[in-house]
Amino acid sequence: MKHFDAIVIGTGQAGPSLAARFAAASKSVAIIERHKFGGTCVNTGCIPTKTLVASAYAAHLARRGVEFGFVVNGDVRVDMKRVKARKDEISGRSNKGVEEWLRGLENCTVIQGHARFESPHSVVVNDEVLEADKIFINVGGRATVPAFPGIHDVPFLTNSSMLDIDFLPEHLVIVGGSYIGLEFGQVYRRFGSEVTIVEMGPRLIGREDEDVSEAVREIVELEGIRVRLNAKCISLAKRDSGIAVRMECSEGSPEVVGTHVLLAVGRTPNTHDLGLERAGVATDEHGYIIVDDQLETDVPGIWALGDCNGHGGFTHTSYNDYEIVADNLLNADHRRVSDRIHTYALFTDPPLGRCGMTDAEIRKSGRAALVAKYPMSRVSRAYEKGETQGFMKIAVDAETKQILGAAILGIGGDEVVQILLDVMYAKAPYTVVQRAMHIHPTVAEYLPTVLSKLEPFA
Ligand SMILES: Cc1cc2nc3c(=O)[nH]c(=O)nc-3n(C[C@H](O)[C@H](O)[C@H](O)COP(=O)(O)OP(=O)(O)OC[C@H]3O[C@@H](n4cnc5c(N)ncnc54)[C@H](O)[C@@H]3O)c2cc1C
């Protein structure tokens with residue numbers, strides 16, 4: 001049995017930084033990875049998908065060349081082998097970077113293998129028992145494969161296998177109209193595939209406000225993506241011409257036949273094969289590890305960070321988990337999960353940047369609030385660039401004047417929203433943004449204009 005001060009299971013977005021912080025504090029650390037260093041974001045999530053988004057954007061702009069005054073000789077066609085090679089190179093660089101970084105750390109032992117708890121203070125990996133006073137779980141999640149009838153009779157793709165393909169599916173049917181489905185859908189449409197998105201709910205990205213969902217739907221439909229909403233009783237079946245996604249829908253045909261099917265219906269935490277029961281660590285009904293406000297589980301000395309604790313689902317939430325745990329344990333700084341403000345982006349083009357509450361959540365909270373909405377078509381930077389889709393929406397508390405939430409759907413929305421986010425963290429009134437002088441011509445310079453339109457919620 002080997003003893004360490006700390007064991008980290010998984011090299012996602014929290015584990016490596018945490019291991020490095022402990023190692024730098026002269027603690028002995030073992031970090032265990034069963035598959036690829038860097039986890040989902042690096043290998044099958046953010047980084048590879050954003051390289052595809054970039055390739056798709058370039059192809060899209062090239063097709064619009066004539067609008068900008070240049071001529072492309074012949075069709076703009078995508079060479080999927082090159083697109084994949086670019087993606088592999090960028091993603092591979094990060095994967096290698098994480099591994100080399102960890103292997104180069106003093107006081108840190110890197111182990112490849114599947115870790116399983118043996119007791120609250122020990123794990124087994126490659127038949128070896130490791131023991132530590134503190135154990136950190138950063139095992140992430142995987143694509144959910146729902147029990148649709150026929151699922152095992154047909155081939156299907158997930159976010160992981162989708163990133164291995166180096167050809168263009170003729171007709172990609174995507175089950176799931178949320179963040180992952182929409183990003184892949186727009187990317188493959190721009191690459192040249194026919195794309196149909198089948199969504200079980202009454203609208204795309206159902207967690208957003210209706211106006212946001214509707215605008216995103218318009219954007220993707222304008223590019224030729226077909227959207228099927230309210231799809232109930234989904235099943236899959238083989239057809240001579242491909243794979244059928246069958247559904248009960250209020251409108252449209254009960255079956256869409258595509259050449260390939262991508263499942264994008266959510267994520268499942270990798271907690272079923274960790275031996276958590278031997279450590280006594282509790283999970284909820286979805287398999288998420290239950291943690292307190294400082295990310296400690298119900299077993300003292302065991303923490304869970306990242307997607308497996310159900311408090312995030314993003315790279316930045318996992319990284320923030322690392323900061324919270326490291327600062328609490330090594331700096332006696334009392335940081336809490338409940339202090340963070342919800343924020344994320346949908347990386348379609350244009351992107352959606354979000355922070356804080358939705359309109360629906362604000363209404364439910366019952367507080368007096370004001371809201372302002374402004375179309376991107378009136379933002380000079382947007383029309384100079386010929387990218388005028390979307391709108392900016394900001395809600396504030398009528399009494400405190402603090403910003404409650406924002407949705408910036410439009411060019412630069414993923415960056416601009418963070419100006420508002422920082423003001424929210426500062427707990428400053430929105431008038432700080434309104435009175436600041438911003439750079440011209442940018443999208444951000446319109447934030448004061450948007451805020452000048454604040455009105456009570458209708
Ligand atoms: C297609 C897609 C696109 C995404 N895009 C974005 C985006 O643009 N922005 C964003 O913020 N987020 C995005 N995400 C989410 C983001 O990738 C994750 O939230 C992020 O990777 C955080 O994961 P994590 O730290 O919880 O663990 P992960 O990154 O999932 O890593 C967990 C690691 O633990 C290892 N592991 C699991 N079990 C064991 C075990 N028993 N023993 C040893 N090792 C184990 C796994 O092999 C894996 O390497 C995207 C996700 C997907 C799927």
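**Exercise 1. Classify D209 in this predicted model as buried or exposed, then find its salt-bridge partner.**

Step 1. D209 has a relative accessible area of 10%. Buried means under 20%, so D209 is buried.

Step 2. The partner is K393; their closest N and O atoms are 3.2 Å apart. K393 has 4% relative accessibility, so K393 also counts as buried.

Step 3. K393 sits in strand β20 (residues 391–397), and D209 in the loop between β9 and α8 (210–222). The pair therefore ties together parts that are 184 residues apart in sequence.

Step 4. Salt bridges with shared partners join D209, D211, D359, K373 and K393 into one network.

**Exercise 2. Work out which parts of the chain the salt bridge between R226 and E194 ties together.**

Step 1. Check the contact. The two side chains meet at 2.3 Å, N to O.

Step 2. Assign the elements. R226 belongs to strand β10 (residues 226–228) and E194 to strand β9 (residues 194–198), so the bridge links parts 32 residues apart in sequence.

Step 3. R226 is partly exposed at 42% relative accessibility. E194 is partly exposed too, at 34%.

**Exercise 3. Explain the separation of E89 and R93 along their helix.**

Step 1. Their side chains form a salt bridge of 2.7 Å, N to O.

Step 2. Both residues lie in helix α5, four residues apart, which means a separation of about one helical turn.

Step 3. Compare with the cut-off for exposed, over 50%. R93 reaches 51% and counts as exposed. E89, at 43%, is partly exposed.

Step 4. The structure holds 29 salt bridges.

**Exercise 4. Describe the surroundings of the ligand.**

Step 1. Count the shell. The ligand is surrounded by 38 residues, the closest being E33, T40, K50, D307 and S318.

Step 2. Sort by class. There are 11 nonpolar, 21 polar and six charged residues.

Step 3. Locate the suppliers. β2 (29–33), α2 (39–43), α3 (46–63) and α10 (315–330) each give at least two shell residues.

Step 4. List contacts to ligand oxygen atoms. A polar side-chain atom of T40 lies 2.5 Å from one. For a polar side-chain atom of K50, the distance is 2.8 Å. C41 uses a backbone N or O atom, at 3.1 Å.

Step 5. On its own the ligand has 1000 Å² of accessible area, and the protein covers 94% of it.

How values were computed
Residues are numbered from 1 along each chain as its sequence is written. This is a predicted model: local features need pLDDT of at least 70, side-chain atom pairs count only at pLDDT 80 or more; totals for chains, interfaces and linings use all residues. Side-chain values use heavy atoms; hydrogens and water are left out. A residue is near a molecule or strand if one of its heavy atoms lies within 4 Å of it. A polar contact is a pair of N or O atoms within 3.5 Å; within protein, one must be able to donate a hydrogen and the other to accept it, and residues adjacent in sequence count only if both atoms are side-chain atoms. Accessible areas come from the Shrake-Rupley method with a 1.4 Å probe; for residues, only the protein chains shown count as cover. Ala, Val, Leu, Ile, Met, Phe, Trp, Tyr, Cys and Pro count as nonpolar, Asp, Glu, Lys and Arg as charged, and the others, Gly among them, as polar. A salt bridge is a side-chain nitrogen of Lys or Arg within 4 Å of a carboxyl oxygen of Asp or Glu. Buried means under 20% relative accessible area, exposed over 50%, partly exposed in between (1.4 Å probe, protein chains only).
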